[in-house]
Amino acid sequence: MEREEINERLSLLARRMEELKADIHTAITTSFTHFDSSFDTTTTLSEKVKALSEEMESLSLKINSEVKGQLSISTGDFQGLSRQLGQVTAVMGLLEKLSQAQQLLENIAQATASGKFLSAASSLQVLEEALSNPLCEREEEIKILVSLRTEQKVLKQKLIQQLNDTWKGMVGWSQVENMQKTNTADQLVDTVNKRDTDLELRQCELRLPKSSEVEQQIIQEVVLALESLGQLDRKIQTFGRQFLEYVIFALVLRWQKVEVTEAIVGQVKQVTFKAASLQKQPVHVNVFSLMESVLDMLNENLLHIKVVRHSSTDSAKVEVTLMNLLGEEIGERVLQGIVKECLSSAIPSTSKELEGFHEVVAITKKFQERLVALGFIDASSQTLLDYVQNVNVLFANKKCQGILEQARSLMTSDLHDTVQVHAGASGGELPPLDKSGGPSREKLRKMAAGIDPLLSSSCFRMPSCRISARVKELMDLAYSTLSEACTSSPQCAAQMFYAVRGIFELYCSVVPTYHAHSIANFPQLAALHHNNCMYLAHHLLTLGHQFQSSLPEGVNSTFVDIIPEVRALGATSFLEQMNTQKTIIEQYLQGAAGFVGLEEEKNHSCAAKAVKQALHQLTHLQKIWLDILPTSVYCKAIGILFNSFISDVINHITVLEDISTDAARRLVLLTKQIDDRGTTLFSTSSQETEDDIKRSAIAKAELHRHVSLWSKFMELQLVLSSSLQEISDRWSDGKGPLASEFSPSEIKQLIRALFQNTDRRAAVLAKIK
């Protein structure tokens with residue numbers, strides 16, 4: 001009897017389950033396939049599922065308690081009933097899950113529509129977990145599950161979109177680009193071309209929720225819902241990036257003063273940041289104060305909200321604020337920006353400023369403690385304090401950087417602005433040379449007694465000349481830097497010394513590159529560059545020794561190793577310029593066509609013009625070099641060029657095969673012009689105090705000293721205007737002055753060219769051996 005009753009009840013449950021399956025399928029299809037919503041239908045289905053579930057539980061209990069004992073004799077019957085019950089139970093479990101999913105979907109839709117974002121997110125999380133696990137075997141054959149999962153994804157995206165819209169309405173940045181007004185087309189073009197001054201961010205605005213209870217409750221629910229859906233980090237990243245771009249880097253770390261104003265607009269607080277200063281160098285005190293006020297305001301209205309997350313060290317759950325999350329995202333970049341744009345400019349550049357830097361350290365420490373208290377940075381972050389507490393190294397680095405920047409600025413200035421350097425002049429008030437360990441007075445007296453009395457007392461002095469004013473300033477910078485190094489800390493003194501070495505190493509690289517065109521094309525600047533290098537090398541000889549006793553031990557205070565490079569730099573450039581001038585003079589002299597056929601007026605005119613151009617070039621060099629170069633260097637340089645010129649003249653004349661009487665007379669006039677100009681070229685400024693006769697004698701002496709072919713040229717002039725007998729007398733059997741300058745073959749060639757073939761000419765030629 002019990003068995004029949006159980007079978008009957010199982011059959012009834014099976015029929016009712018089929019009806020319930022049809023009802024659930026119809027409800028889900030209607031809601032999520034045809035998009036018709038009916039809350040009443042969902043409630044009725046839930047009640048039916050609950051009632052059917054209770055009846056199945058009752059029947060299962062009865063089978064296991066009452067009927068199991070009675071059916072012990074019939075194992076097969078019991079197993080059949082249990083199998084039927086298991087199948088019905090499995091179907092019922094699926095129906096319960098589908099009914100639960102239906103209920104959750106309805107709850108999510110209603111919560112989203114009513115603005116209960118946290119409830120919607122929680123239901124969505126439960127639904128996602130339920131649908132992520134297999135609901136039954138061969139569930140891919142159950143098409144209704146596809147509709148459920150699709151609906152779950154749609155509702156999730158709708159919820160995220162609504163959260164985004166709510167967040168955007170309450171929290172957001174907007175920038176205002178300020179462009180200077182322009183009235184003309186030219187001004188408009190200028191404005192477009194400028195990137196840093198005219199088109200730049202000088203104002204931005206921030207929306208925040210009001211501090212009232214209603215708005216704070218809304219934003220808190222939005223934040224928690226975003227965290228539940230895994231969308232909060234993306235919002236914090238966007239907020240932090242715009243905070244950096246619009247406020248920190250564009251305003252706080254750019255302008256000296258930034259105004260912050262607040263206003264209530266509808267349901268939000270409108271905060272405006274505006275640059276209130278035309279000066280772009282921020283002051284660290286202003287930056288710290290503004291940063292604190294901005295972070296306090298953000299913390300009060302938004303960033304104080306807490307969310308629960310897993311600890312990074314263990315699996316425990318901890319509460320973190322949005323300020324903590326923002327700090328993790330941008331904190332280190334903000335600190336680096338403060339160091340680079342703000343604290344770096346607060347580093348002292350003089351020893352006096354260094355003494356008062358402890359105030360900056362105290363202010364920075366207080367600011368860092370405030371950031372830690374707000375939760376913007378971790379207590380272990382020491383970026384700011386590590387920077388300011390390393391002030392001695394930073395001071396030395398900044399000082400050395402400023403020195404090198406100033407030196408480079410001087411090196412890239414014009415060379416033609418000159419100053420006069422007098423013989424033996426020093427670099428100003430200099431420390432005395434180190435006398436410790438030097439020879440005694442008696443030994444010095446004995447050493448002086450053995451010195452050659454002909455040795456000039458000024459042989460180690462810098463000769464009078466002109467140098468570039470900027471090079472004089474460069475040398476003064478080196479002396480002043482070393483003087484300051486003597487009163488600085490050992491570490492700073494060592495860095496400053498090597499910064500001075502860096503000045504001269506930089507000079508060897510910058511000047512010949514930056515001024516290469518000018519030095520190569522302008523003889524005046526080439527001469528100045530030569531003097532500049534010799535002036536620097538002269539001071540580098542003793543510069544290290546002058547400060548050796550005041551510099552820290554271990555510093556190899558010498559500059560001697562730089563001297564050869566500096567000297568070679570000036571000498572090479574000047575020699576290249578001399579070669580250029582030599583080539584120019586040779587090109588001019590080519591116009592003489594080898595002085596051939598001067599009896600013709602045309603040829604004579606070309607030759608005279610060529611000689612005149614060459615002499616004019618030499619005179620031009622005299623005008624620009626005489627006042628610049630030391631007298632000895634000028635005489636050597638002009639002597640080399642003049643010697644090259646007359647060498648070409650001599651070579652051209654001595655190879656002529658025929659020189660007529662008129663041609664010889666005109667050659668004599670040309671050589672006379674060269675003779676007159678030669679003496680003038682060596683009339684230097686040091687001879688101005690002498691009378692004319694003595695000045696002329698000194699000039700001729702300098703001419704003979706520096707122009708090795710001058711005597712030969714004068715003998716050539718005499719040969720061109722002399723008779724055969726006079727030439728023979730000056731040869732004097734190879735012992736006369738003519739024989740000391742010309743070879744027999746050269747004299748014979750000149751005689752053959754000047755005189756006709758006669759017995760007298762043959763007799764003279766025979767004497768020349």
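A residue is called buried when its relative accessible area is under 20%, exposed when that value is over 50%, and partly exposed in between, using a 1.4 Å probe and protein chains only. The model described here is predicted, so local features need a pLDDT of at least 70 and side-chain atom pairs count only at pLDDT 80 or more, while totals for chains, interfaces and linings use all residues. Residues are numbered from 1 along each chain as its sequence is written, and side-chain values use heavy atoms, with hydrogens and water left out.

**Overall make-up**

- The protein has 29 helices and eight strands, where helices (H or I, at least four residues) and strands (E, at least two) are DSSP runs numbered from the N terminus.
- Of the 769 residues of the protein, 43% count as buried.
- The protein exposes about 40,800 Å², and carbon and sulfur atoms supply 50% of that area; accessible areas come from the Shrake-Rupley method with a 1.4 Å probe, and for residues only the protein chains shown count as cover.
- Among contacts (heavy atoms within 4.5 Å) with a separation of 6 or more, residues 24 or more positions apart account for 76% in this protein.

**Salt bridges**

- A search of the whole structure finds 17 salt bridges, each defined as a side-chain nitrogen of Lys or Arg within 4 Å of a carboxyl oxygen of Asp or Glu.
- Glu484 forms one of them with Lys399, the closest N and O atoms being 3.1 Å apart; because Glu484 lies in helix 16 (residues 469–485) and Lys399 in helix 14 (residues 391–411), the pair ties together parts that are 85 residues apart in sequence.
- Lys399 counts as buried because its relative accessibility is 15%.
- Within helix 16, Arg470 and Glu473 are three residues apart and so are separated by about one helical turn, and their side chains meet in a salt bridge with an N to O distance of 3.1 Å.
- Asp476 is partly exposed at 29% relative accessibility, and Lys472 is partly exposed at 26%.
- Elsewhere, Glu227, Asp233 and Arg309 are linked in a network of salt bridges.

- His284 is placed in helix 9 (residues 284–303) and counts as buried because its relative accessibility is 13%.
- Not counting residues up to four places away in sequence, His284 touches Cys342, Leu343, Ala346 and Val360.
- Val285 also lies in helix 9, but Val285 counts as partly exposed, at 39% relative accessibility.
- Val283, Val285 and Ile363 form a nonpolar patch on the surface, with about 190 Å² of accessible area together; patches are made of residues with over 30% relative accessible area and no salt bridge, with like charges joined within 9 Å and nonpolar side chains (Val, Leu, Ile, Met, Phe, Trp, Tyr) within 5 Å.
- A surface patch of negative charge gathers Glu599, Glu600, Glu657 and Asp658; Lys and Arg count as positive and Asp and Glu as negative, with His and the chain ends not counted, and the place of a charge is taken as NZ of Lys, CZ of Arg, CG of Asp or CD of Glu.
- Asp658 lies in the loop between helix 22 (631–654) and helix 23 (661–681) and counts as exposed, at 62% relative accessibility.

- Most residues other than glycine have a negative phi.
- Ala593 has a positive phi of about 55° although it is not a glycine; Ala593 is found in the loop between helix 20 (563–589) and helix 21 (601–625) and counts as exposed at 55% relative accessibility.
- Ser732, likewise a residue other than glycine, has a positive phi near 50°; Ser732 lies in the loop between helix 26 (724–731) and helix 27 (737–741) and is partly exposed at 34% relative accessibility.
- Ser122, in helix 4 (residues 117–132), is partly exposed at 36% relative accessibility, and the C-alpha atoms of Ser122 and Leu229, 107 residues apart along the chain, are separated by 8.9 Å.
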